[in-house]
Amino acid sequence: MYSKKMFKAAIAASMLVLAGCSGGSANVDEEDVIDAQETFGCNAINIYNAGEYISEEAVPDFKAMYNATVKYDTFESNEMLYTKLMGGNSYDVLVPSDYMIEQLMEEGYLQEIDMDAITNLPNLDPQVVEMWKAFDPEQKYAIPYFWGSVGLVYNKNNVDPEKIESLGWDILKDPEYKGRIFFYDSQRDAFMIAFKALGYSMNTDDPDEITEAYEWLKEMNDTMDPAYVTDEVIDAMINSEKDIAIMYSGDAAYVLSENEEMGWVEPHQGTNLWIDAMVIPANATCTGLANEFINYIISEDVQYANSEFVGYTSVDTSVVEELYGPDGAFYENPAYMPRKGYDKDEVFHYNPELKKQLSNLWTTVKVNN
Amino acid sequence: MKNFSKLTYPYVIWMTVMIIIPMLMIVLYAFTVQGNSVLTLQFTLGNFARFFADRIFPSVLWRSLKVAVITTVICIAIGYPAAFVMAKLKANSAAMMVLLITLPMWINMLVRTYAWRGILTRFSLPPEIAVYIGMVYNFLPFMILQIYTALSKIDPSLLIAAHDLGANDRETFLRVTLPLSLSGVVSGITLVFLPAVSSFFIPKLLGGGSYILIGNLIEEYFVSTGDWNFGAAISLIMAIIILISMYITRKLDRETKEDD
């Protein structure tokens, strides 16, 4: 996600210089400033979000609007977020995924969001509401942030679109593409793919099905010579380094908008639908401002800017329509519009024992070469 | 002089907080089961049993040692001749060479490894080869500089004396220069082998994630799996291996010094 963003950041920086030393953000009028200290009794919040997941202006604008201090940290994975929390770090707003929120709720790490403060809640996609209710049945602990699916980005010049459509996940074991595959290095996504390719539920805990999935991945590892990657896959696919890559829909939308050679497919065997949402930890120190931050992020303008900047699908239907429409940054970009209502697609559920077991198996798959 | 000893207090405090306490915590984690609170510690040797019971963990350990040894050997093979030539240069040229060798070290190692990634992905090398290139590139300067320092300390009159006593170039090298430079080789080995055996971002970035060494395994268990106890056990096993290798190199060092 870097080249375009670096450029945008450079522009933003130079604009700031041009705007001179007014001190505040160019987008905020002085009379609109609400003093956080006066209103909420505190003016500093810690945000912990995934990397490359917000527009450049969102946090600076918020700081200016509320005269607040914002410490903004990023994580690479939900597991890293969990490790940090267990290490005793305190935050005011976190943005984990569905299954991780389920786990944090269950372990009592979250507090309810003050729904009276969330006045900007937009017209949510029914799919989003359904996924939200799946982990937060009373819709009290989380506010949706982005959503999407997992699929395959492929080079249309080197991979026949009809072939990848018909093979789906099985193309990852097609010897024709040996050494030309980026595999996403996470036990969750790896086992999801193996379970789906074998026709099982990705939330299965049946020992035989797990063994079969393990064998599937091991065979893939031993015969296909894949490169295991995480975020670096985005740049690599923009540069057409390999022909097939497992990717999250939002990253794929960005790759497709940067490189016309690339196509996107959500395999017919089904995939993982996921949703990331904002939550407030029980030990937050500035809850009032945290609720206000969530309300700010969920507003249409900020959603639009964030979604346009990072490529992930907004939870706000009107934002999605605009960005997917003729004037939008992702006009008819298939990866920006994840599949809805397909019965083989599933959402992850939290299962700590299973997670540990799959984690170990995934390490074993990668090590054994 | 006695009063000056107080000046070491900041260092002692730093050591305690930053090194000793974390080390003790690693030991504690390594010998306990997951989900402990401070009040109910449950001790176990299970983490170590698990490491050695499974074929794959010792094989990763073995691979890490192999990579570190081969890296060290390549560094000596390339570094010794380079240092030898440098020691023969005039003072100015030698200083220039030292500068050129240290120059890349002014840039962060991680950044340089990322640069290599960009270069190496253009040739589809086996991950193993890419990792060796990255390792040797990163650690070679340490080897060259150590050997160069030892070589340049050799008194030239010793070489003249050897010639006067009838030794040819080859004999002079084998019986005077080489033995006197071994202490440099030994400290070079310390500076290359130890970081190489525990390095994790070079295999991670250049091996395409599919070439796992012991450092990567530790990272995996702490960050992705969240199994700190097993991760701590692996760390402790590695710490013991490093202690053993330090002991061996120390001994070698002392022996070469005694020969002097």
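Q: How many helices and strands does chain B have?
A: Chain B has 11 helices and 0 strands. This is a predicted model, by the way. Reading from the N terminus, the elements of chain B run α-α-α-α-α-α-α-α-α-α-α.

Q: What does the C-alpha trace of chain B span along its principal axes?
A: About 75 × 60 × 35 Å. Of the 260 residues in chain B, 30% are buried.

Q: And how much of the contacts in chain B comes from residues 24 or more positions apart?
A: Such pairs account for 75% of the chain B contacts with a separation of 6 or more.

Q: OK, switching to where the chains meet. How many residues does the contact take from chain A and from chain B?
A: Chain A puts in 20 residues and chain B 14 residues. On the chain A side, α4 (78-86), β7 (227-229) and α15 (352-367) each give two or more residues.

Q: Which element gives the most on that side of chain A?
A: That's α15(A), with 6 residues. By type, the chain A side divides into 7 nonpolar, 8 polar and 5 charged residues.

Q: Now chain A itself. How is it divided into domains?
A: The domain assignment gives domain 1 (9-147 + 274-323) and domain 2 (148-273 + 340-365). The C-alpha centres of domain 1 and domain 2 of chain A lie 29 Å apart.

Q: How many residues of the two domains are in contact?
A: 18 residues of domain 1 of chain A are in contact with 18 residues of domain 2 of chain A. On the domain 1 side, α5 (98-106), α6 (126-135) and β5 of chain A each supply at least two residues. Among these, α5(A) gives the most, with 5 residues. The domain 1 side splits into 8 nonpolar, 6 polar and 4 charged residues.

Q: What about the largest nonpolar core, which residues have the most contacts inside it?
A: The largest core has 112 residues, and the ones with the most contacts inside it are A:V93, A:V153, A:A277, A:M278 and A:V279. Strand β5 (residues 143-155) of chain A gives the most to this core, with 8 residues. Domain 1 and domain 2 of chain A each provide at least three residues of this core. There's also a second, separate core of 49 residues, which includes B:Y29, B:F57, B:F142 and B:I218.

Q: Back to A:A277: what is it in contact with, leaving aside neighbours within four places in sequence?
A: A:V95, A:I101, A:W132, A:A142, A:I143, A:P144 and A:Y145.

Q: Let's do strands. In what order do β1, β2 and β3 of chain A come in their open sheet?
A: The order is β2-β1-β3, with parallel pairing. The edge strands are β2 (69-75) and β3 (93-94) of chain A, each pairing on one side only. Strand β1 (residues 44-50) of chain A is joined to β2(A) by 7 bridges, and A:I47 has A:Y72 as its bridge partner in β2(A).

Q: And strand β6 of chain A: are its faces covered or open?
A: Both faces of β6 (residues 181-184) are covered, with A:I181 and A:F183 buried on one side and A:F182 and A:Y184 buried on the other. In a regular strand, side chains alternate between the two faces of the sheet.

Q: Which strands does β6(A) pair with?
A: β6(A) runs parallel to β8 (residues 244-248) of chain A, with 2 bridges, and A:F182 stands opposite A:A245 there. β6(A) also pairs with β7(A) in the parallel sense over 3 bridges, where A:Y184 stands opposite A:V229.

Conventions. Residues are numbered from 1 along each chain as its sequence is written. Chains are lettered from A and ligands numbered from 1 in the order in which they are written. This is a predicted model: local features need pLDDT of at least 70, side-chain atom pairs count only at pLDDT 80 or more; totals for chains, interfaces and linings use all residues. Two strands pair if DSSP finds at least two bridges between them. Helices (H or I, at least four residues) and strands (E, at least two) are DSSP runs, numbered from the N terminus. Two residues are in contact if their C-beta atoms, placed from the backbone, lie within 7 Å. Ala, Val, Leu, Ile, Met, Phe, Trp, Tyr, Cys and Pro count as nonpolar, Asp, Glu, Lys and Arg as charged, and the others, Gly among them, as polar. A residue is buried if 20 or more other C-beta atoms lie within 10 Å of its own, exposed if 12 or fewer, and partly exposed in between; C-beta atoms are placed from the backbone. A nonpolar core is a set of buried Ala, Val, Leu, Ile, Met, Phe, Trp, Tyr and Cys residues joined through C-beta atoms within 7 Å. Domain bounds come from an automatic or database domain assignment.
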